[in-house]
Structure formats: C-alpha cells, structure tokens
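Here is a short briefing on one protein chain. Look over the sequence and the structure, then read the points below.

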Amino acid sequence: MMQFLAKAGLAVMLTAGTLAGTVVPAAAQLNIIIGDQDRGPPQDYRRPPPGPGYGRPSRGCNPQLAENLARDYGFRRARVVDITPRRVIVQGWTRRGQDEMSFGNVRGCPALRR
C-alpha cells in the first residue's frame, strides 16, 4: 500500500508541475483594457510643416514680369504662351505683325531672343 501511495503522490506532483508550466504562458496573454478599445493613435497638435517655397522668393521668371518686359521691347497685347524649365515665351503684336520673344526662366527674366 505504501508503494501505491508513493506512486500516486509522484503522479500528482508530475501533473501539478506540467499544469503550472502551461498556466504561466496563458497568464502572460491576459490583456486588461479599461475604456474605449478602438482608439486611434494620439492626435498631433503641432503645426503642419510649411509648404514648398515658404518664405523664399520664386526662383523662376515671373510671367507678369516677362509680359511687362515684352511691352518695354515694343510688344502690344503681350501674353505668356508657354513656360518651360529653361524659358518663358511671350507672344504679342509689334509694328511688323505678330511676333514672339523668349526670356530665360531665371530670376530677372533675361531676354534670350526676339
């Protein structure tokens, strides 16, 4: 009878040991949430960054300045018809008829050709 109790006690200890090993990882998965579960990330109250070119003068030729320069060269009804990365093209009327003039697309609008 003593052997039976010793074996039963050993079996109980082995069973308790294996159960204790599985209970610890299960307890690590317990999440306690108090309040709203579907909250998003915290709101950012900082100012958004300024847009491109903020606080700096424009780098290219201003179309209105190109029209004014073309008028100074004798063009009437001058208007900008095309702006490329390198030049600004202005069309208008001169004494000889319809004509166009090109300006460099940099600050100051230098005249390229007439």
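Arginine 77 is found in strand S1, which covers residues 76-83; strands (E, at least two residues) and helices (H or I, at least four) are DSSP runs, numbered from the N terminus. The model is predicted: local features need pLDDT of at least 70, side-chain atom pairs count only at pLDDT 80 or more, and totals for chains, interfaces and linings use all residues. Residues are numbered from 1 along each chain as its sequence is written, and side-chain values use heavy atoms, with hydrogens and water left out.

**Positive phi**
- Arginine 77 is not a glycine, yet has a positive phi of about 50°.
- Arginine 77 counts as exposed because its relative accessibility is 63% (exposed is over 50%, buried under 20%, partly exposed in between, with a 1.4 Å probe and protein chains only).
- Cysteine 109, also a residue other than glycine, has a positive phi near 50°.
- Cysteine 109 lies in the loop between S3 and strand S4 (111-113), and counts as buried at 3% relative accessibility.

**Strand pairing**
- S1 and S2 run antiparallel and are joined by five bridges (strands pair if DSSP finds at least two bridges between them).
- Three residues separate S1 and S2 in a hairpin.
- S2 and S3 are antiparallel, with eight bridges, and form a hairpin with two residues between them.
- Isoleucine 89 in S2 stands opposite aspartate 82, and its bridge partner in S3 is serine 102.

**Nonpolar core**
- The largest nonpolar core has ten residues, including Phe75, Val88, Phe103 and Cys109 (a core is a set of buried Ala, Val, Leu, Ile, Met, Phe, Trp, Tyr and Cys residues joined through side-chain atoms within 4.5 Å).
- Helix H2 (63-72), strand S2 (87-94) and strand S3 (97-104) each give two or more residues to this core.
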